[in-house]
Amino acid sequence: DTRYQTSINIAKEIDKTNNVSKLYIGAGNGEADSLSIASLAGKEKTPIVLTQKDGVDNEAEQFIKSNKVSNIYFIGGVEKISNKAIAQVGANKDISNNRVAGQTRQETNAKVIDKFYSQSKLDGVVVANQDKLIDALAVGPLAAKNNSPVILATNTLDKSQESSLKGKNSSKLFEVGGGIASSVIDKIKSLIEK
């Protein structure tokens with residue numbers, strides 16, 4: 001009936017074929033942050049469970065407890081996922097440092113790359129419009145298959161994104177959809193082509 005129930009039902013389906021021991025938790029009203037982690041979640045077969053600001057619903061809480069999920073990351077800042085939500089999910093676990101967030105969606109995107117794509121050689125990089133998130137959603141499976149982070153941008157690349165890409169190397173760059181400035185594409189090329 002809700003996006004929260006849908007996300008936990010997907011997690012249950014994944015659990016039928018892949019024992020779920022890790023989760024990414026995203027805000028039900030913070031799609032951009034969840035899309036920043038979607039390609040990695042797809043590659044790992046790790047569910048993204050949606051939460052309201054102050055906590056997951058009972059069904060999600062029971063799923064986490066019954067599966068003894070202890071490896072949980074929260075993608076988004078306190079205005080989307082409160083510390084109360086982290087405390088609820090991590091009752092007996094020290095997951096207080098598992099928040100991955102920046103001040104903006106682009107900074108959060110950069111933090112995801114820093115945290116989860118630490119290797120210097122990337123199989124590819126995907127750029128999608130941060131204002132038209134449907135393109136980032138559609139490209140998720142391709143990015144997962146190619147082990148490629150999704151960069152969210154439009155007219156500019158945030159300094160934190162530039163910093164995240166500076167030490168990376170890849171010969172493949174996919175631009176998905178329109179509305180991304182050619183200067184952004186050129187900047188990403190210059191950062192990843194060595």
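## The largest pocket

Four elements each put at least two residues into the lining of the largest pocket: the helices α1 (3-17), α2 (31-44) and α6 (134-145), plus the strand β2 (48-51). Keep in mind that this is a predicted model. Helix α2 gives the largest share of that lining, with six residues.

How many residues line the largest pocket? There are 22, and Ser34, Leu35, Ala38, Ile48 and Leu137 are the ones nearest its centre. Sorted by class, the lining has 13 nonpolar residues, seven polar ones and two charged ones. The space inside the largest pocket comes to about 530 Å³.

## The second largest pocket

Next up is the second largest pocket, with about 160 Å³ of space.

What classes make up the lining of the second largest pocket? You'll find one nonpolar residue, seven polar and five charged.

## A look at glutamate 162

Now pick out glutamate 162, which belongs to helix α7 (residues 159-166). Is glutamate 162 buried or exposed? Its relative accessible area is 17%, and buried means under 20%, so glutamate 162 counts as buried.

Which residues does glutamate 162 touch, leaving out those up to four places away in sequence? The contacts are Leu157, Lys187 and Leu191.

Notes:
Residues numbered from 1 in each chain as written. Predicted model: local features only at pLDDT ≥ 70, side-chain atom pairs only at ≥ 80, totals over all residues. Heavy atoms only, no water. Buried < 20%, exposed > 50% of the residue type's maximum accessible area, 1.4 Å probe, protein only. Contact = heavy atoms within 4.5 Å. 1 Å grid on protein atoms, 1.4 Å probe; cavity = no way out; pocket = protein on both sides within 12 Å on 5 of 7 lines; lining within 4 Å. Points joined across faces, edges and corners; volume = space filled by probe spheres on them. Nonpolar A, V, L, I, M, F, W, Y, C, P; charged D, E, K, R; others polar.
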